[in-house]
Amino acid sequence: MKFIPVIMFLLIVFTHVVAGASINTRNNGLFSTTSHLWDTEVTGMNELTGGRHSLARIVSELNLYIPLFKDSNIVIANRIGGGITFGNTAFF
């Protein structure tokens, strides 16, 4: 029986750039009663170790806080978000 060496772990190094924006109109950070919070992030990655992996990612999330009545402490909260990735991603 012949032993075949297998490399299980390779060193892969990426450079990473992140930019983001946030709009926060919450009236209280812990118990918001009326407001919204919108976060958007753009990420770019490029492999430095000779591979062909590079990607760009855009992720956005919106949180809404709507009072049930005009001056009510009962609040309907909703969160929606999504993202998309472009490029040749690495699988780990």
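Which residue forms a salt bridge with Arg57? In this predicted model, the partner is Glu41, and the closest N and O atoms of the pair are 4.0 Å apart. Arg57 belongs to strand β3 and Glu41 to strand β2, so the contact ties together parts that are 16 residues apart in sequence. Arg57 is partly exposed, at 34% relative accessibility. Glu41 is also partly exposed, with a relative accessible area of 35%. Across the strand pairing, Glu41 stands opposite Val59 in β3.

The structure holds two salt bridges. Glu61 and Arg79 form a salt bridge, with 3.8 Å between the closest N and O atoms. This pair links distant parts of the chain: Glu61 is in strand β3, Arg79 is in strand β4, and 18 residues separate them. Glu61 is partly exposed, its relative accessible area being 30%. Arg79 reaches 58% relative accessibility and therefore counts as exposed.

Strand β2 (residues 35–47) pairs with β3 in the antiparallel sense over 12 bridges.

Ile74 is placed in the loop between β3 (54–67) and β4 (75–88). At 52% relative accessibility, Ile74 counts as exposed.

Key: Residues numbered from 1 in each chain as written. Predicted model: local features only at pLDDT ≥ 70, side-chain atom pairs only at ≥ 80, totals over all residues. Heavy atoms only, no water. Helix = DSSP H or I, 4+ residues; strand = E, 2+ residues; numbered from the N terminus. Buried < 20%, exposed > 50% of the residue type's maximum accessible area, 1.4 Å probe, protein only. Pairing = 2+ DSSP bridges. Salt bridge = Lys/Arg side-chain N within 4 Å of Asp/Glu carboxyl O.
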